[in-house]
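Here is a quick tour for anyone meeting this structure for the first time. Have a look at the sequence and the 3D view before reading on.

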Amino acid sequence: KKYDLILVDGPPGMIGRSGFYRYLDLFRQDVPIIIDDVNRKDELNLLKMVETKTGRKAIIHKDSSLEDDEKTKYFAVLMPTEEI
């Protein structure tokens with residue numbers, strides 16, 4: 001029940017991330033959500049759905065830890081909205 005962020009990572013999204021999205025309401029909404037590999041189509045689609053459902057806007061970052069000859073990868077961070 002106590003956690004500081006949600007990390008969505010693992011095998012390619014084509015084998016299923018619908019469970020995360022379907023049960024998103026069960027997760028805390030006051031922590032950042034990080035979705036890895038948004039350079040892949042299925043992960044990018046998941047990101048767009050999560051943005052819409054949570055009302056958050058993602059910031060997409062380039063993974064700078066890769067060597068030059070590796071394929072460029074990206075991850076997205078959705079920060080919680082601040083209460084007024």
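What follows goes from the overall layout to the sheet, the core and the charged pairs.

## Before we start

This is a predicted model, so local features need pLDDT of at least 70 and side-chain atom pairs count only at pLDDT 80 or more, while totals for chains, interfaces and linings use all residues. Residues are numbered from 1 along each chain as its sequence is written, and side-chain values use heavy atoms, with hydrogens and water left out.

## The overall layout

The chain holds two helices and four strands. Here helices (H or I, at least four residues) and strands (E, at least two) are DSSP runs, numbered from the N terminus. Read from the N terminus, the elements go β-α-β-α-β-β.

Of the 84 residues in the chain, 29% are buried. Buried means under 20% relative accessible area, exposed means over 50%, and partly exposed is in between (1.4 Å probe, protein chains only). Now take the contacts (heavy atoms within 4.5 Å) with a separation of 6 or more: residues 24 or more positions apart account for 62% of them.

## The sheet

The four strands make an open sheet with mixed pairing, in the order β1-β2-β4-β3. Two strands pair if DSSP finds at least two bridges between them. β1 and β3 (59–62) are at the edges with a single partner strand each, so one side of each has no neighbour in the sheet. On average, neighbouring strands are turned by 20° against each other, direction ignored. That angle uses axes, which are lines fitted to C-alpha atoms (for helices over the stretch in contact), with angles running from 0 to 180 degrees between N-to-C directions.

β1 and β2 run parallel and are joined by three bridges. As for V8, its bridge partner in β2 is I35.

## The nonpolar core

A nonpolar core is a set of buried Ala, Val, Leu, Ile, Met, Phe, Trp, Tyr and Cys residues joined through side-chain atoms within 4.5 Å. The largest one has 14 residues, and F20, I33, I35, L47, V50 and L78 have the most contacts inside it. At least two residues each come from β1 (6–8), β2 (33–36), α2 and β4 (74–78). Helix α2 gives the most, with three.

Which residues does L78 touch, leaving aside neighbours within four places in sequence? Its contacts are V31, P32, I33, I35, L47, V50, E51, T54, R56, K57 and A58. T54 belongs to helix α2 (residues 41–54), and besides L78 it touches L24 and Q29, not counting residues up to four places away in sequence. A polar atom of the T54 side chain also lies 3.3 Å from the backbone nitrogen of R56.

## Charged pairs

Side chains of opposite charge can pair when their charged atoms come close. The whole structure has five salt bridges, each being a side-chain nitrogen of Lys or Arg within 4 Å of a carboxyl oxygen of Asp or Glu. One of them links R28 and D30 (2.9 Å, N to O), and R28 is partly exposed at 28% relative accessible area.

Another joins R40 to E43, with the closest N and O atoms 3.1 Å apart. R40 is partly exposed at 27%, whereas E43 is buried at 1%. Both belong to a salt-bridge network that links D37, R40, E43 and K73. There is also a salt bridge between K57 and E51 (3.8 Å, N to O). Here K57 is exposed, at 68% relative accessibility, while E51 counts as buried, at 16%.

Definitions and conventions: Polar contact = N/O pair within 3.5 Å; in protein donor to acceptor, adjacent residues only side chain to side chain.
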